[in-house]
Amino acid sequence: THQQRQSQTDTGKSETRQDRSPYEVLGVPPDAHQDEIQAAYRKLANQYHPDKVAHLGEEFHTMAEERFKEIQEAYDRLSR
């Protein structure tokens, strides 16, 4: 569908982040307990931290920054 396709905003960023639920982003079920959410966040944040992939080049660094922001936003929404 149209909503599933990536679209570009004025800044050129993909809007797919808004298409996924915070649970999907963190890879946890909707009935996950706070400790499961926190564990998933820590694992993904560590894996996608931009400093961890800086040695792989600019493309990976940029991708990691976007994914890291997505992970942080999902965790923030579920931690409220």
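Leaving aside neighbours within four places in sequence, which residues is isoleucine 71 in contact with? In this predicted model, with residues numbered from 1 along each chain as its sequence is written, local features need pLDDT of at least 70, side-chain atom pairs count only at pLDDT 80 or more, and totals for chains, interfaces and linings use all residues. Side-chain values use heavy atoms, with hydrogens and water left out.

The protein chain contains five helices and zero strands, and its pattern along the sequence is α-α-α-α-α. Helices (H or I, at least four residues) and strands (E, at least two) are DSSP runs, numbered from the N terminus. Of the 80 residues in the protein chain, 28% are buried; buried means under 20% relative accessible area, exposed over 50%, and partly exposed in between (1.4 Å probe, protein chains only). The accessible surface of the protein chain is about 6000 Å², and carbon and sulfur atoms account for 47% of this surface. Accessible areas come from the Shrake-Rupley method with a 1.4 Å probe, and for residues only the protein chains shown count as cover.

Isoleucine 71 is in contact (heavy atoms within 4.5 Å) with Val25, Leu26, Tyr41, Leu44, Ala45 and Tyr48, leaving aside its neighbours within four places in sequence. The largest nonpolar core has 14 residues, of which Leu26, Val28, Ile37, Tyr41, Ile71 and Tyr75 touch the most other members. At least two residues of this core come from each of α2 (22-26), α3 (34-48) and α5. A nonpolar core is a set of buried Ala, Val, Leu, Ile, Met, Phe, Trp, Tyr and Cys residues joined through side-chain atoms within 4.5 Å. In soluble globular proteins, nonpolar side chains tend to be buried together.

Helix α5 (residues 58-79) includes phenylalanine 60, and histidine 61 lies in this helix too. Histidine 61 counts as buried because its relative accessible area is 19%. Not counting residues up to four places away in sequence, histidine 61 touches Pro50, Val53 and Ala54. Phenylalanine 60 has 43% relative accessibility and therefore counts as partly exposed. Together with Leu56 and Met63, Phe60 makes a nonpolar surface patch of about 280 Å².

Conventions:
Patches are made of residues with over 30% relative accessible area and no salt bridge: like charges are joined within 9 Å, nonpolar side chains (Val, Leu, Ile, Met, Phe, Trp, Tyr) within 5 Å. A salt bridge is a side-chain nitrogen of Lys or Arg within 4 Å of a carboxyl oxygen of Asp or Glu.
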